[in-house]
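Hi everyone, thanks for making time. I'd like to walk you through one structure today, so please have a look at the screen.

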Amino acid sequence: MANILIIAGSVYGGAQYVAEQVQEQLQDQGHQVVLSEAPTVEMVTDDAIDTYLIVCSTTGMGDLPDNVAPFFHQLRDQLPMLTGRKYGVIALGDSSYGDTFCGGGRQFDELFAECQATKVGERLEIDACETLQPEDAALPWARQWALML
């Protein structure tokens, strides 16, 4: 079983709620899971963590939520090598914003790939225009994602 760090980037609490629901499900599947809404580079580089799941909403014009923006910039500046570790991304957004749709999750996806972590599965992009309860899309995706770890 994996030791998973869930990083929750949330503006109004929607992504946080999804992350909490996914945490429960992953724990029920037997994984060790830590959820953080204030992650640090030290948490990410901890040898005990082998897998990351980023659950991130988007604000403004494709921007990161305030609670994870400092972490994102610190990780980008330090660019630690995460070779041998796995990650996945659940991105929440609103397609009416066009090109910036799910921008927060997309930025994290690119950054973890740059850090040489191995992406597991495809990024899940949840559109607020189509999905009223994002956990309805996230939970089945996370169940399948965890089977690929």
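Let's begin with two phenylalanines: F108 and F112 are both buried. Keep in mind as we go that this is a predicted model. Both of these residues sit in helix 4, four residues apart, which is about one turn of the helix. In general, an α-helix has 3.6 residues a turn, so residues three or four places apart point the same way.

How many aromatic pairs are there by the ring-centre rule? The count is six. Take Y52 and F112: their ring centres are 5.2 Å apart and the planes meet at 50 degrees, so we call that pair tilted, since it falls between the 30 degrees for stacked and the 60 for edge-to-face. This pair ties together distant parts of the chain, with Y52 in strand 3 and F112 in helix 4, 60 residues apart. Put together, ring pairs join Y52, F71, F72, Y87, F108 and F112 into a cluster.

Now over to helix 1. Its buried residues include A15, V18, A19, V22 and L26. What do the buried residues of helix 1 pack against? They pack against strands 1, 2, 3 and 4, and against helix 5. After helix 1 comes G30, with a positive phi near 100 degrees.

Conventions
Residues are numbered from 1 along each chain as its sequence is written. This is a predicted model: local features need pLDDT of at least 70, side-chain atom pairs count only at pLDDT 80 or more; totals for chains, interfaces and linings use all residues. Side-chain values use heavy atoms; hydrogens and water are left out. Buried means under 20% relative accessible area, exposed over 50%, partly exposed in between (1.4 Å probe, protein chains only). Helices (H or I, at least four residues) and strands (E, at least two) are DSSP runs, numbered from the N terminus. Contact means heavy atoms within 4.5 Å. Rings of Phe, Tyr and Trp (its six-membered ring) pair if their centres lie within 6.5 Å; planes under 30 degrees apart count as stacked, over 60 as edge-to-face and the rest as tilted.
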